[in-house]
Amino acid sequence: MKADKREIVTFVIAALATLMAVWFFLGKMQKEKETVRTDLYTLVAPAPDAILSINRPAAFSKYILSRKPERDAFASKIPDIYLSIIQNNRNLPWLLLSFHPQGVIFYAQVGNNYASRIEKNTLQKVFGSFAPQKQKKDGITFTYYPDAGNRFFGYYQHEGIWVASYSKKLLEEVAQIQWNRKSYLRPDQDHLRKSFDPNAPLNLMVQADSLDLYVSLPDSAEWRVRKGWLGADLFMNENHLCYFGNLPYNSTADSLYASLGDTLALRLEQAFPQFTVSNQTTRENSRVFYTGCFTSKDQ
(Lines give C-alpha, C1' and ligand atoms only; values in the text may rest on other atoms or scores of the structure.)
Protein backbone atom coordinates (compact mmCIF):
# COMPACT_ATOMS: atom_id res chain seq x y z
CA MET A 1 0.00 0.00 0.00
CA LYS A 2 2.82 2.38 0.91
CA ALA A 3 4.52 1.53 -2.37
CA ASP A 4 1.33 2.42 -4.26
CA LYS A 5 1.16 5.80 -2.46
CA ARG A 6 4.78 6.54 -3.31
CA GLU A 7 4.09 5.71 -6.94
CA ILE A 8 1.06 8.02 -6.97
CA VAL A 9 3.04 10.87 -5.37
CA THR A 10 5.91 10.32 -7.82
CA PHE A 11 3.46 10.33 -10.74
CA VAL A 12 1.80 13.55 -9.55
CA ILE A 13 5.17 15.30 -9.11
CA ALA A 14 6.31 14.15 -12.54
CA ALA A 15 3.04 15.31 -14.10
CA LEU A 16 3.32 18.73 -12.45
CA ALA A 17 6.94 19.08 -13.58
CA THR A 18 5.91 18.19 -17.13
CA LEU A 19 3.06 20.72 -17.07
CA MET A 20 5.38 23.41 -15.75
CA ALA A 21 7.94 22.66 -18.47
CA VAL A 22 5.24 22.80 -21.15
CA TRP A 23 3.86 26.05 -19.70
CA PHE A 24 7.34 27.60 -19.65
CA PHE A 25 8.02 26.46 -23.23
CA LEU A 26 4.70 27.78 -24.54
CA GLY A 27 5.20 31.06 -22.70
CA LYS A 28 8.66 31.45 -24.24
CA MET A 29 7.29 30.63 -27.70
CA GLN A 30 4.53 33.20 -27.25
CA LYS A 31 7.04 35.89 -26.31
CA GLU A 32 9.12 35.07 -29.37
CA LYS A 33 6.01 35.26 -31.57
CA GLU A 34 5.11 38.64 -30.09
CA THR A 35 8.62 39.89 -30.88
CA VAL A 36 8.43 38.64 -34.45
CA ARG A 37 4.98 40.19 -34.92
CA THR A 38 6.08 43.60 -33.63
CA ASP A 39 6.30 46.05 -36.51
CA LEU A 40 9.09 48.49 -35.70
CA TYR A 41 7.55 51.11 -38.01
CA THR A 42 4.55 51.34 -35.65
CA LEU A 43 6.89 52.41 -32.82
CA VAL A 44 8.45 55.37 -34.64
CA ALA A 45 8.13 58.63 -32.68
CA PRO A 46 5.95 61.34 -34.24
CA ALA A 47 7.17 63.72 -36.96
CA PRO A 48 10.45 62.16 -38.13
CA ASP A 49 12.46 63.81 -40.90
CA ALA A 50 13.60 60.42 -42.22
CA ILE A 51 13.41 56.70 -41.45
CA LEU A 52 16.17 54.23 -42.34
CA SER A 53 15.28 50.53 -42.34
CA ILE A 54 18.31 48.26 -41.99
CA ASN A 55 16.93 44.99 -43.31
CA ARG A 56 20.23 43.12 -43.34
CA PRO A 57 22.51 44.47 -40.60
CA ALA A 58 25.22 41.89 -41.37
CA ALA A 59 25.42 42.97 -45.03
CA PHE A 60 25.29 46.64 -44.02
CA SER A 61 28.21 46.08 -41.66
CA LYS A 62 30.28 43.85 -43.96
CA TYR A 63 29.88 45.58 -47.31
CA ILE A 64 29.13 49.21 -46.43
CA LEU A 65 30.40 50.14 -42.96
CA SER A 66 33.69 48.33 -43.64
CA ARG A 67 34.48 50.94 -46.32
CA LYS A 68 35.77 54.20 -44.84
CA PRO A 69 34.09 56.68 -47.24
CA GLU A 70 30.70 55.03 -46.81
CA ARG A 71 31.09 54.66 -43.04
CA ASP A 72 32.08 58.32 -42.75
CA ALA A 73 29.01 59.28 -44.76
CA PHE A 74 26.67 57.37 -42.45
CA ALA A 75 28.57 58.57 -39.37
CA SER A 76 27.87 62.17 -40.42
CA LYS A 77 24.14 61.48 -39.88
CA ILE A 78 24.09 58.61 -37.37
CA PRO A 79 25.64 58.58 -33.86
CA ASP A 80 28.79 56.48 -33.86
CA ILE A 81 27.53 54.35 -30.97
CA TYR A 82 24.76 53.00 -33.23
CA LEU A 83 27.22 52.03 -35.94
CA SER A 84 29.40 50.33 -33.32
CA ILE A 85 26.42 48.35 -32.03
CA ILE A 86 25.65 47.16 -35.56
CA GLN A 87 29.26 46.24 -36.32
CA ASN A 88 29.75 44.43 -32.98
CA ASN A 89 26.47 42.51 -33.28
CA ARG A 90 26.28 41.32 -36.87
CA ASN A 91 23.55 38.79 -36.12
CA LEU A 92 21.10 41.50 -35.18
CA PRO A 93 17.76 41.07 -36.96
CA TRP A 94 15.90 43.87 -38.71
CA LEU A 95 16.28 47.30 -37.13
CA LEU A 96 15.19 50.90 -37.74
CA LEU A 97 16.62 54.37 -37.24
CA SER A 98 14.36 57.41 -37.17
CA PHE A 99 15.74 60.93 -37.50
CA HIS A 100 14.19 63.85 -35.59
CA PRO A 101 15.23 67.44 -34.83
CA GLN A 102 15.92 66.29 -31.24
CA GLY A 103 18.05 63.30 -32.26
CA VAL A 104 18.16 59.82 -33.77
CA ILE A 105 16.33 56.79 -32.35
CA PHE A 106 17.54 53.18 -32.68
CA TYR A 107 14.89 50.40 -32.72
CA ALA A 108 15.71 46.67 -32.80
CA GLN A 109 14.02 43.33 -32.18
CA VAL A 110 16.16 41.52 -29.61
CA GLY A 111 15.70 39.00 -26.83
CA ASN A 112 17.16 39.21 -23.33
CA ASN A 113 20.36 37.42 -24.34
CA TYR A 114 21.02 39.79 -27.21
CA ALA A 115 20.29 42.85 -25.08
CA SER A 116 22.88 41.62 -22.57
CA ARG A 117 25.33 41.08 -25.41
CA ILE A 118 24.92 44.67 -26.62
CA GLU A 119 25.47 45.85 -23.07
CA LYS A 120 28.68 43.85 -22.63
CA ASN A 121 30.38 44.05 -26.02
CA THR A 122 29.59 47.68 -26.83
CA LEU A 123 28.02 49.88 -24.15
CA GLN A 124 30.26 48.84 -21.25
CA LYS A 125 33.33 49.27 -23.46
CA VAL A 126 32.31 52.70 -24.77
CA PHE A 127 30.98 54.03 -21.45
CA GLY A 128 33.08 51.80 -19.19
CA SER A 129 34.32 54.59 -16.94
CA PHE A 130 30.77 55.71 -16.10
CA ALA A 131 28.22 53.85 -14.02
CA PRO A 132 24.77 53.81 -15.67
CA GLN A 133 21.72 55.32 -14.00
CA LYS A 134 18.42 53.43 -14.00
CA GLN A 135 14.96 54.93 -13.86
CA LYS A 136 11.61 53.11 -13.89
CA LYS A 137 8.50 54.61 -15.45
CA ASP A 138 5.19 52.88 -16.21
CA GLY A 139 6.77 49.49 -15.64
CA ILE A 140 9.63 50.12 -18.10
CA THR A 141 13.23 50.44 -16.88
CA PHE A 142 15.35 53.08 -18.63
CA THR A 143 19.15 52.89 -18.46
CA TYR A 144 21.23 56.05 -19.00
CA TYR A 145 24.99 56.24 -19.56
CA PRO A 146 26.70 59.63 -19.08
CA ASP A 147 28.64 60.69 -22.16
CA ALA A 148 30.86 63.61 -23.16
CA GLY A 149 29.30 67.03 -23.59
CA ASN A 150 26.83 66.56 -20.73
CA ARG A 151 24.86 64.10 -22.83
CA PHE A 152 23.23 60.86 -21.72
CA PHE A 153 22.84 57.78 -23.90
CA GLY A 154 19.67 55.99 -22.89
CA TYR A 155 17.95 52.75 -23.77
CA TYR A 156 15.16 50.46 -22.63
CA GLN A 157 14.03 46.93 -23.45
CA HIS A 158 10.38 45.92 -23.39
CA GLU A 159 8.54 42.96 -24.91
CA GLY A 160 11.48 41.97 -27.08
CA ILE A 161 12.12 45.48 -28.41
CA TRP A 162 15.32 47.41 -27.67
CA VAL A 163 15.16 51.19 -28.16
CA ALA A 164 17.96 53.73 -27.67
CA SER A 165 18.49 57.47 -28.05
CA TYR A 166 20.48 60.40 -26.74
CA SER A 167 17.16 62.21 -26.31
CA LYS A 168 15.31 61.26 -23.12
CA LYS A 169 12.17 62.89 -24.48
CA LEU A 170 12.21 60.80 -27.65
CA LEU A 171 13.02 57.62 -25.74
CA GLU A 172 10.07 58.12 -23.39
CA GLU A 173 7.79 58.96 -26.33
CA VAL A 174 8.59 55.63 -27.97
CA ALA A 175 8.03 53.81 -24.67
CA GLN A 176 4.59 55.42 -24.39
CA ILE A 177 3.77 54.45 -27.98
CA GLN A 178 4.73 50.86 -27.23
CA TRP A 179 2.98 50.85 -23.85
CA ASN A 180 -0.26 52.33 -25.23
CA ARG A 181 0.00 50.47 -28.56
CA LYS A 182 -0.75 53.67 -30.45
CA SER A 183 1.05 54.16 -33.75
CA TYR A 184 1.84 57.52 -35.37
CA LEU A 185 2.76 55.94 -38.73
CA ARG A 186 1.04 57.98 -41.46
CA PRO A 187 -0.86 56.29 -44.32
CA ASP A 188 1.56 57.70 -46.92
CA GLN A 189 4.53 56.40 -44.92
CA ASP A 190 2.90 52.99 -44.61
CA HIS A 191 2.15 52.91 -48.35
CA LEU A 192 5.72 53.91 -49.21
CA ARG A 193 7.44 51.36 -47.00
CA LYS A 194 5.32 48.57 -48.48
CA SER A 195 6.74 49.49 -51.89
CA PHE A 196 10.34 48.93 -50.72
CA ASP A 197 12.41 45.89 -51.66
CA PRO A 198 12.78 43.95 -48.38
CA ASN A 199 15.84 42.17 -49.81
CA ALA A 200 17.77 45.43 -50.18
CA PRO A 201 20.20 45.99 -47.31
CA LEU A 202 18.66 49.41 -46.60
CA ASN A 203 15.40 51.26 -47.29
CA LEU A 204 15.24 55.01 -46.78
CA MET A 205 12.24 57.33 -46.63
CA VAL A 206 12.73 61.09 -46.43
CA GLN A 207 10.40 64.08 -46.21
CA ALA A 208 10.29 65.63 -49.67
CA ASP A 209 10.60 69.19 -48.35
CA SER A 210 13.92 68.40 -46.66
CA LEU A 211 15.52 67.58 -50.05
CA ASP A 212 14.47 70.89 -51.60
CA LEU A 213 13.92 69.29 -55.01
CA TYR A 214 12.84 71.76 -57.68
CA VAL A 215 13.35 72.70 -61.33
CA SER A 216 13.53 76.33 -62.47
CA LEU A 217 11.08 77.23 -65.27
CA PRO A 218 11.60 79.85 -68.02
CA ASP A 219 9.10 82.31 -66.47
CA SER A 220 11.12 82.41 -63.20
CA ALA A 221 8.68 80.00 -61.59
CA GLU A 222 9.65 76.70 -60.00
CA TRP A 223 8.30 73.17 -60.18
CA ARG A 224 8.80 71.48 -56.82
CA VAL A 225 8.29 68.12 -55.22
CA ARG A 226 6.39 69.23 -52.13
CA LYS A 227 5.17 67.57 -48.98
CA GLY A 228 4.77 63.83 -48.71
CA TRP A 229 7.56 61.29 -48.55
CA LEU A 230 10.16 60.01 -50.98
CA GLY A 231 11.78 56.59 -50.71
CA ALA A 232 14.67 54.56 -52.07
CA ASP A 233 16.33 51.19 -51.74
CA LEU A 234 20.06 51.38 -50.94
CA PHE A 235 22.49 48.66 -52.00
CA MET A 236 26.08 47.98 -53.09
CA ASN A 237 26.85 47.51 -56.78
CA GLU A 238 30.39 47.02 -58.11
CA ASN A 239 31.84 48.50 -54.89
CA HIS A 240 29.60 51.56 -55.06
CA LEU A 241 26.75 52.52 -52.75
CA CYS A 242 23.72 52.97 -55.00
CA TYR A 243 20.05 53.96 -54.70
CA PHE A 244 16.85 53.11 -56.54
CA GLY A 245 13.64 55.11 -56.13
CA ASN A 246 10.64 56.33 -58.06
CA LEU A 247 7.98 59.01 -58.35
CA PRO A 248 4.49 59.02 -59.87
CA TYR A 249 4.56 60.21 -63.51
CA ASN A 250 2.68 63.36 -64.48
CA SER A 251 2.53 63.97 -68.24
CA THR A 252 2.39 67.76 -67.77
CA ALA A 253 5.86 67.62 -66.20
CA ASP A 254 7.31 65.12 -68.69
CA SER A 255 10.31 67.25 -69.68
CA LEU A 256 11.19 68.14 -66.08
CA TYR A 257 11.94 64.74 -64.55
CA ALA A 258 15.47 64.48 -65.98
CA SER A 259 16.34 67.91 -64.56
CA LEU A 260 14.84 66.85 -61.26
CA GLY A 261 17.19 63.86 -61.25
CA ASP A 262 20.13 66.21 -61.74
CA THR A 263 18.92 68.29 -58.79
CA LEU A 264 18.65 65.13 -56.68
CA ALA A 265 22.29 64.22 -57.48
CA LEU A 266 23.35 67.78 -56.59
CA ARG A 267 21.52 67.68 -53.22
CA LEU A 268 23.16 64.36 -52.37
CA GLU A 269 26.60 65.73 -53.25
CA GLN A 270 25.92 68.73 -51.00
CA ALA A 271 24.94 66.40 -48.15
CA PHE A 272 27.93 64.09 -48.74
CA PRO A 273 30.69 66.21 -50.33
CA GLN A 274 33.20 63.32 -50.28
CA PHE A 275 31.23 61.68 -53.12
CA THR A 276 30.37 62.32 -56.74
CA VAL A 277 26.82 61.16 -57.45
CA SER A 278 25.62 59.87 -60.81
CA ASN A 279 21.92 59.62 -61.66
CA GLN A 280 19.87 58.02 -64.42
CA THR A 281 16.20 58.80 -65.00
CA THR A 282 13.85 56.41 -66.80
CA ARG A 283 10.08 56.13 -67.17
CA GLU A 284 7.95 53.04 -67.19
CA ASN A 285 4.17 53.35 -67.46
CA SER A 286 2.98 55.57 -64.60
CA ARG A 287 6.28 55.79 -62.68
CA VAL A 288 9.56 57.66 -63.11
CA PHE A 289 12.58 55.76 -61.79
CA TYR A 290 15.76 57.28 -60.40
CA THR A 291 18.91 55.16 -60.14
CA GLY A 292 22.26 56.51 -58.97
CA CYS A 293 25.56 55.61 -57.34
CA PHE A 294 28.06 57.30 -55.03
CA THR A 295 31.71 57.39 -56.11
CA SER A 296 34.33 58.47 -53.59
CA LYS A 297 36.40 61.43 -54.74
CA ASP A 298 39.45 59.64 -53.33
CA GLN A 299 39.10 56.84 -55.89
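User: Two strands pair if DSSP finds at least two bridges between them; strands (E, at least two residues) and helices (H or I, at least four) are DSSP runs, numbered from the N terminus. Given that, which residue in E7 is the bridge partner of Ala108?

Analyst: This is a predicted model: local features need pLDDT of at least 70, side-chain atom pairs count only at pLDDT 80 or more, and totals for chains, interfaces and linings use all residues. Residues are numbered from 1 along each chain as its sequence is written, and side-chain values use heavy atoms, leaving out hydrogens and water. Strand E3 (residues 103-109) and strand E7 (residues 161-165) run antiparallel, joined by five bridges. In E7, the partner of Ala108 is Trp162.

User: And which residue in E3 is the bridge partner of Leu97?

Analyst: Look at strand E2 (residues 95-100), which pairs with E3 in the antiparallel sense over six bridges. A hairpin of two residues joins E2 to E3. Leu97 has a bridge partner in E3, and that's Phe106.

User: Is E3 largely enclosed or left open by the rest of the structure?

Analyst: Check burial, where buried means under 20% relative accessible area, exposed over 50%, and partly exposed in between (1.4 Å probe, protein chains only). Seven of the seven residues of E3 are buried, so the strand is largely enclosed.

User: Which strands stand at the edges of the sheet?

Analyst: It's an open sheet of 12 strands with antiparallel pairing, in the order E4-E5-E6-E7-E3-E2-E1-E8-E11-E12-E14-E13. An edge strand here has a single partner strand, so one of its sides is left without a neighbour in the sheet. That describes E4 (133-137) and E13 (275-284).

User: How many residues apart in sequence are the parts that Cys242 and Cys293 tie together?

Analyst: A disulfide (a pair of cysteine sulfur atoms within 2.5 Å) joins Cys242 to Cys293, with S to S at 2.0 Å. Both cysteines are buried. Cys242 lies in strand E12 (residues 240-248) and Cys293 in strand E14 (residues 287-296), so the separation of the parts they tie together, in residues, is 51.

User: At roughly what angle do the axes of H4 and H5 cross?

Analyst: Axes are lines fitted to C-alpha atoms, for helices over the stretch in contact, and angles run from 0 to 180 degrees between N-to-C directions. Contact means heavy atoms within 4.5 Å, and Ile81, Ser84, Ile85 and Asn88 in H4 meet Ile118, Asn121, Thr122, Leu123 and Val126 in H5. The axes of H4 (residues 80-88) and H5 (residues 112-126) come within 10 Å and cross at roughly 145°.
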